[in-house]
Amino acid sequence: MPLHNPTALMWIALGVPIVIFYLLKVKRRKVAVSTVMFWEEVFSEKQPRAIWRQLRHWLSLLLQLTFLGLLAVALADPYFSSDVLNERRIVVVLDCSASMQAADGTVSRFEASRGRLEQLIRSLRQNDQMAIIAAGSSVQVACGLTENHRTLRNAALSLNVTDAPASLDSAIAAGDRLLSGQEGGELVVLTDLPPDDNQKLQSGNVLKWEQTGRPANNVGITQFQVRRSLVDPVGFQTLVEVSNFSDQPISLRLQLKLNDDLLNVIPLSLHPGEIRESAIDDTLASGGILTASIDSEDAFAVDNTAFAVLPERTRRPVTLVTDGNWFLHQVLESSELVDLTVTASAPAAAPDGGVLVLHRPLAGNIPPGHVIVVTPVESSDLWQIAGTIPQPLVATQKDDSALMRHVTLQNVLLPSAEHIEPVGDFEALVETAEGFPLYARIPRESGDVLVLCIDLDQTDLPLRTAFPILMTNAVSWFSDDRGELIESLATGQVARRLLSASMRAAAEANGGRLPLIDPGGHQVPGGAGVTGQTAVIGPLSRTGIWTLRSEFAGGPESGSVASNEMKIACNLSNRTESDLRIAGDSAVVPASSQRSSGGHPIWFSLVLVAGCLLVSEWFLFQRRRIA
């Protein structure tokens, strides 16, 4: 039997002093007694004897020498030659995806698979090696090929289940690369998914598939997005998809909350296997975190809640210069997105971040900034007045422009309109049959100008719904508030977000990185990387709200967390992970047929036997002497 450490056999030399100690006679003490009649047999021991006859407790000596021999051989670490010829290299791929959180009784599928991994670690024979790969939002080699059981157990305990789908194909490919050039390679996949015929290895390594979990019913939110309304300046639209992955009809309630304030409760009744998509319209100017939840009691809670970030509609300053047009004043004042200021004289420029509305402006230069001109009666630096258009007839309007969304002027009564001739380039939004512009956009570097040539005092346009929609479109267009959508990402995806100037400056000060806070409130080590104007975040492994901040908490420059931050919503949004109705056992290789016939190394057995011999020797001989 070969030995890993033959020099350890030198410990057998300790048997010599053990034998000497057994041959030495213990000198008896002199004690006065009343009679010697009972000591006749004892006196016979004082007669000279041969050395070998002085050894009375030979069985005790034999047990101790055997104990020493076994211990020395164990230190030499023997092994069988067949172990070297049949060494195994095993790579275990552990599925850490969201569906592994589903509970099968008292334990989850992930805990059951990790228990199976512990069995595989215990089954390793001498010289066998194992590696562990976690397949979650990304592929992670938790432990390379090693024969150390403690290292493998610690690696298995360090793994955690994620909310992302599993990347099993990439994990199997990584395991194949680890086994490249190794003989006796095995790949063991621990998952709740059935095997795929396409998941085969090209290198010839043995692929063993162990499927865990029992089929279960589940209802989940499989899609959730929100955006600002294209029609209502303070409205928003919600797209929600609820899927019934069960064989029974389900009745439940869908709740919508904005920043913990209840907005809506919608009852739903789903047939078996039905996928219901709903578009929900609501009105609210404020933004925040929109949460959708269903009151479904099932074994999988990850997809019962979904999140979205609703952009806030900020109020824009609008300065109205008029001599008292009531209709124009009321339309602007009634908008929840407008902070209106009315004045009789035109300012030097449009308000910062806002819009300047000029009604019947006098001749001269149009102030810089975003400007809306209503009823121009005199020439300016941007147009010339060429007279009046009597009874103009609307012939064409640019319906594909955001400025003309949901506006129809064909049936509006127009007794007259101002005929302008723009000085430079312009875009006609509404034209007469003769090609005269009634509504036009004039681009310029200091800010575009919108010109409405209709006389509000001579038309019924202010009495129609088209007029407030027209003015709202104009203010929203200048404010760049045109149905914003901050997309909710699916777990496992990488987010790329454009950064503001202040956040880009903070990233440069932090070495090209920004702090990232996960949904649990913990700061992600390393944060998010910034390339140019874009932050690269992820892959996102948890559902909830991720927060990208401009400064690290407790940093030397800031001393606190900055208020400039960006919210990113992340949901499961994966029908495969939500569908817990897995395939039957016919597609699964039974776990019992895959168990290896491994065991403890030889030295472990030798130490165990030596310990038993030591206890036996003490019980038979030493215990009586001590007593």
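**Salt bridges and cores**

The structure holds 23 salt bridges, each a side-chain nitrogen of Lys or Arg within 4 Å of a carboxyl oxygen of Asp or Glu. This is a predicted model: local features need pLDDT of at least 70, side-chain atom pairs count only at pLDDT 80 or more, and totals for chains, interfaces and linings use all residues. Residues are numbered from 1 along each chain as its sequence is written, and side-chain values use heavy atoms, leaving out hydrogens and water.

**Salt bridges**
- Arg116 and Glu210 pair through their side chains at 2.7 Å, N to O.
- Arg116 sits in helix α5 and Glu210 in strand β7, so the bridge ties together parts 94 residues apart in sequence (helices, H or I, at least four residues, and strands, E, at least two, are DSSP runs numbered from the N terminus).
- Arg116 is buried at 9% relative accessibility (buried is under 20% relative accessible area, exposed over 50%, partly exposed in between, with a 1.4 Å probe and protein chains only).
- Glu210 is buried too, at 6%.
- Asp247 and Arg581 also form a salt bridge, at 3.9 Å, N to O.
- Asp247 is exposed at 57%, while Arg581 is partly exposed at 33%.
- Lys398, Glu427, Arg441 and Asp448 are joined in a network of salt bridges.

**Nonpolar cores**
- The largest nonpolar core has 35 residues; Val357, Ile372, Leu409 and Tyr439 touch the most other members (a core is a set of buried Ala, Val, Leu, Ile, Met, Phe, Trp, Tyr and Cys residues joined through side-chain atoms within 4.5 Å).
- Helix α9 gives this core its largest share, 7 residues.
- A second, separate core of 21 residues includes Ile90, Leu94, Leu152 and Leu190.
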